[in-house]
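Here is a short note for a colleague opening this entry for the first time. Please read it with the structure in view.

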Amino acid sequence: KEMLFWTPEEFNKFIVHVPSEMLSLYFRFLYISGCRKGEGLALTWEDFDFQKNIVHITKNVYYEKGSRAKITTPKNISSVRDITMPGWFMAELKAYRDAKNSNAIDYAFGTSEPLLPTSINKPFNDAIKMAGVKKIRVHDLRHSCASLLISKGFSIVAVSNRLGHASTKETLDTYAHLFPNEADKLVSAFSDLKIVGEKVGEES
C-alpha cells in the first residue's frame, strides 16, 4: 500500500479531536516510538521503566477473526528492543496509570485485555475527519515517526534500531525516498572550502 505520513503539525491537528485519554496516549505513543500498533497494544505497565524513561518491547498482539487478542513474540529478533521516550510523555503516562490504580499486569492501552481494533479505528478515522487532515492508517503513525527522524538528520542505523527492523537494508528499502540526495550532500561539504595546491614544478 502507498506510504502516507503526517508532519508534526498534522498530527497535532488530529490529536486534539481524539475522544479519550487512553486513545490519545496510544496514538501519541505510536507516533513518538515508531512501534507497530500490535507492539503498543501488547504493552503492560510492567514494560515501562518510568525512572529511566524506557519502554521494553518484548511482545506483539494480533487478532484472529472473531477471536480475542493473542499475545505472541515480536515480528523478528531485532524487534525485541528498548525504546527511550521523552520524559514529559512518560510522566503523563504514569499519571494516567496512577489515576486508574492499575495493576502491573494490566494493559497500558486497555484493561485486563488490550484494546480491540474496532475501538481504535473508528475514533481514529472520526478524528481525521474533524481535523481536516489527510487520511492515513493507524500503521502510518509508524511511518510518520520514521519520516520525522529522517528529516531531523538521524542516521539509518538510529532509525532502524528504533523501528526494530531486521536490518538497515529493510529500513533503507522502505524509506530510501525520504533520505536527502547523498550526492548533493557530498558536494555541499566542499561548498565553503577552498583547497589550494602548489603549481606543478613550483618550489615551496
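1. Start with a term. A residue counts as buried when its relative accessible area is under 20%. Phe 48 has a relative accessible area of 7%, so Phe 48 is buried. Keep in mind that this is a predicted model.

2. Asp 49 stands opposite Ile 54 in β2.

3. Now the aromatic rings. The count comes to 17 aromatic pairs. One of them joins Phe 29 and Phe 48. Their ring centres are 6.4 Å apart, and the planes make an angle of 65 degrees. Planes over 60 degrees apart count as edge-to-face, so this pair falls in that class.

4. Which parts of the chain does this pair link? Phe 29 sits in helix α2 (residues 21-33), while Phe 48 belongs to strand β1. The two residues are 19 residues apart, and the pair links distant parts of the chain. Phe 29 is buried, at 0% relative accessibility.

5. A further pair deserves a look. The ring centres of Trp 88 and Phe 89 lie 5.9 Å apart. Their planes stand at 90 degrees, so this pair is edge-to-face. Is Phe 89 buried or exposed? Phe 89 is buried, with a relative accessible area of 0%.

Terms used. Residues numbered from 1 in each chain as written. Predicted model: local features only at pLDDT ≥ 70, side-chain atom pairs only at ≥ 80, totals over all residues. Heavy atoms only, no water. Pairing = 2+ DSSP bridges. Helix = DSSP H or I, 4+ residues; strand = E, 2+ residues; numbered from the N terminus. Phe/Tyr/Trp six-rings, centres within 6.5 Å; stacked < 30°, edge-to-face > 60°. Buried < 20%, exposed > 50% of the residue type's maximum accessible area, 1.4 Å probe, protein only.
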